[in-house]
Amino acid sequence: MAKISVAAAALLVLMALGHATAFRATVTTTVVEEENQEECREQMQRQQMLSHCRMYMRQQMEESPYQTMPRRGMEPHMSECCEQLEGMDESCRCEGLRRMMRMMQQKEMQPRGEQMRRMMRLAENIPSRCNLSPMRCPMGGSIAGF
């Protein structure tokens with residue numbers, strides 16, 4: 001009986017140590033993620049909340065989805081958008097584009113259905129149009145809840 005109690009106690013100690021390690025890892029990860037999000041927020045503010053990317057998106061959404069040639073005056077916004085994204089760390093670019101999309105959806109355009117899907121596809125591919133990494137920023141579930 002004593003052997004079982006010692007074994008059970010040892011097992012409980014090991015489980016407690018494992019739980020403490022997992023807790024410590026979770027807390028560390030959460031703190032690092034929060035610091036990264038704050039850094040991304042600051043970078044986005046320095047880049048005027050990706051204002052040129054928003055203007056590019058608005059112009060694209062006004063175009064027919066079947067139009068193949070860009071309208072005059074659109075490319076300067078694309079160039080400026082690329083410059084704004086280039087001014088951000090690679091690790092913040094997608095988060096910046098997601099924030100931009102949330103802002104646009106909440107305050108400006110309020111797209112629904114196919115218009116929302118089209119807008120998400122446009123935003124996802126902005127980095128590749130700018131020849132920046134990552135080349136694609138999946139928007140998926142990060143926006144859908146709005």
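Select Cys130 to start: with a relative accessible area of 13%, Cys130 is buried (under 20% relative accessible area; exposed is over 50%, partly exposed in between, with a 1.4 Å probe and protein chains only). This is a predicted model, where local features need pLDDT of at least 70 and side-chain atom pairs pLDDT 80 or more, while totals for chains, interfaces and linings use all residues. Residues are numbered from 1 along each chain as its sequence is written, and side-chain values use heavy atoms, without hydrogens and water.

A disulfide (cysteine sulfur atoms within 2.5 Å) joins Cys82 to Cys130, S to S 2.0 Å. With -80° about the S-S bond, this link is left-handed. Cys82 sits in helix α3 and Cys130 in the loop between α6 (126-129) and α7 (140-144), 48 residues apart. Helices here are DSSP runs (H or I, at least four residues), numbered from the N terminus.

Next, pick Cys53 and Cys81: their sulfur atoms are 2.0 Å apart in another disulfide, right-handed with 95° about the S-S bond. It ties helix α2 to helix α3 (residues 74-86). Cys53 has 0% relative accessibility, so it counts as buried.

Cys53, Arg54, Met57 and Arg58 in α2 meet Met100, Met101, Met103, Met104 and Glu108 in α4 (contact means heavy atoms within 4.5 Å).

Last stop: Cys40 and Cys92, another disulfide, with sulfur atoms 2.1 Å apart. Both cysteines are buried. The count comes to four disulfides.

How values were computed: Helices (H or I, at least four residues) and strands (E, at least two) are DSSP runs, numbered from the N terminus.
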